[in-house]
Every structure is written in structure tokens, then in C-alpha cells.
Amino acid sequence: MNSLDSKSINFLLADDHSLIRQGVEFLIEELEFDGEIFHASTLNKVLEITEAQSIDILVIDAIFPDGNSLTILSQIKQLKPEIKILVFSGVDENTQSVKYIQAGANGFLSKLSEEDEIKNAILKIHHQGKYISEITQNALLNSVTNKSLINPLQSLTEREIQIAGMYAKGLGNLEIAAYLDIKQNTVSTIKKRIFDKLDIENLVELIELMKTGH
């Protein structure tokens, strides 16, 4: 393809469904990229191939049997800062795409997209280093607006704030339960409620929120 650089471009297609990987490989071949196409069906395999091979573009699903790709995006960027990451997933783009962009992805594409849009996303990732759909652009704008106007911690009750603070100090469920003289199951339930209200998935995100307030 004349519009593509002569430089060899290596792809890593990461999805636990082989049919999805084969479909994306077919579209890449239609674009006539010169380079190798590697496959991975688990997050561990993604990290293994990324470390061992020279990967230019990673097309990765959001959810795998061994976890959420959100957890390894920053690790991939540390291993290979120059790699371009396109998240290609069936999760809701309106509510989820911003998380992946903030974690280091260069683009987010819904699996509901037409073939032409998938090709367009791959070309934009290659030529411009990013692909931001209209849906994700709006989600990013809403995220910035909401964060500047609202402190998400304000949605928590006093008890939830207290327990969030204890987590931020490094205390575990057992220690918090003993200190507050409540059941460990109650602490776990409150923790889940805190995560749901703040739209976070782990303690690292909670600690960051407690530090910055947004």
C-alpha cells in the first residue's frame, strides 16, 4: 500500500477469542502492512511477547480470563514506551474508554464497529499515534468537566470516608474490622460500595483519589 511507510510494522493481536484475532489479522493484511503479526490469548502472554519481540502496534481486548487489560497498560508502556495500544473491546465505550486512555492506551475501538472503521483506526494509530472516536472524545470532555466541578469523595458517607482513609493508610480488612469493631464481611461490603461510587477498581486508584480529591 503506497500510503504506508516502508518500515516494517509488527502487530500483536491480543484477545482470548481466536476468531476475533483472525478477523483483525485479515483486515491488517488487506491494508498491506509489511511486518509480522503475533497473537496472544492471555495477559501473561501479552507481556511475554511484548518483552521478547519488537511490537509497534498492540490491538488488545479489555477483558481476559486472567484479568482486565487495564492492569497491564502502564507496565507495557514502561517496557516499550514507543508501542501504540488500541483497545478493541465489547465493553461500553461511553463509560469505559476514558479509563483505558488514561491508563496509557492510544485509542479505543468498539467491537461493534464496521470493518472500514477498524481499518481507519489502525491507520490512524499507525500514522498519527492515536485514534479517538467521537464517543470517546465526548467521554473525555465529560470526564474533564465532571472532575473540575465535582469532588467524587463527596458522594461517600462519613463511615465510607473513614474506611477509605484507613485503606489509604495501608490497613487491611481484618485490621479495619477489628479497629471499628465490625464484621470483616461488613468491611468488604463497604469497600465494594466505595469502589462503585468512585468508579474505581483497585486500592491504588483509591489512594490516588484520597491524595488528590479527584
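These legends describe close-up views of helix packing and salt bridges in a predicted model. Local features need pLDDT of at least 70 and side-chain atom pairs pLDDT 80 or more, while totals for chains, interfaces and linings use all residues. Residues are numbered from 1 along each chain, and side-chain values use heavy atoms, without hydrogens or water.

**View 1. Packing of helix α1 (residues 18-30) on helix α5 (residues 115-128).** The two pack at about 70 degrees, with axes 10 Å apart. That makes α1 roughly perpendicular to α5 (65 to 115 degrees). V24, L27, I28 and E30 of α1 meet E115, I118, K119 and I122 of α5 (contact: heavy atoms within 4.5 Å). These residues divide into five nonpolar, no polar and three charged.

**View 2. Salt bridges of K111 with D15 and D61.** A salt bridge is a Lys or Arg side-chain nitrogen within 4 Å of an Asp or Glu carboxyl oxygen. The closest N and O atoms are 2.8 Å apart for D15 and K111, and 3.2 Å apart for K111 and D61. D15 lies between β1 and α1 and K111 between β7 and α5, so their pair ties together parts 96 residues apart in sequence. D15 is buried at 2% relative accessibility, as is D61 at 6%; K111 is partly exposed at 26% (buried: under 20%; exposed: over 50%; partly exposed: in between; 1.4 Å probe, protein chains only).

**View 3. Salt bridge of K197 with E160.** The closest N and O atoms are 2.9 Å apart. K197 sits in helix α9 and E160 in helix α7, 37 residues apart. K197 is partly exposed at 35%; E160 is buried at 1%.

Notes. Axes are lines fitted to C-alpha atoms, for helices over the stretch in contact, and angles run from 0 to 180 degrees between N-to-C directions. Helices (H or I, at least four residues) and strands (E, at least two) are DSSP runs, numbered from the N terminus. Angles under 35 degrees count as roughly parallel, over 145 as roughly antiparallel, 65 to 115 as roughly perpendicular and the rest as oblique. Ala, Val, Leu, Ile, Met, Phe, Trp, Tyr, Cys and Pro count as nonpolar, Asp, Glu, Lys and Arg as charged, and the others, Gly among them, as polar.
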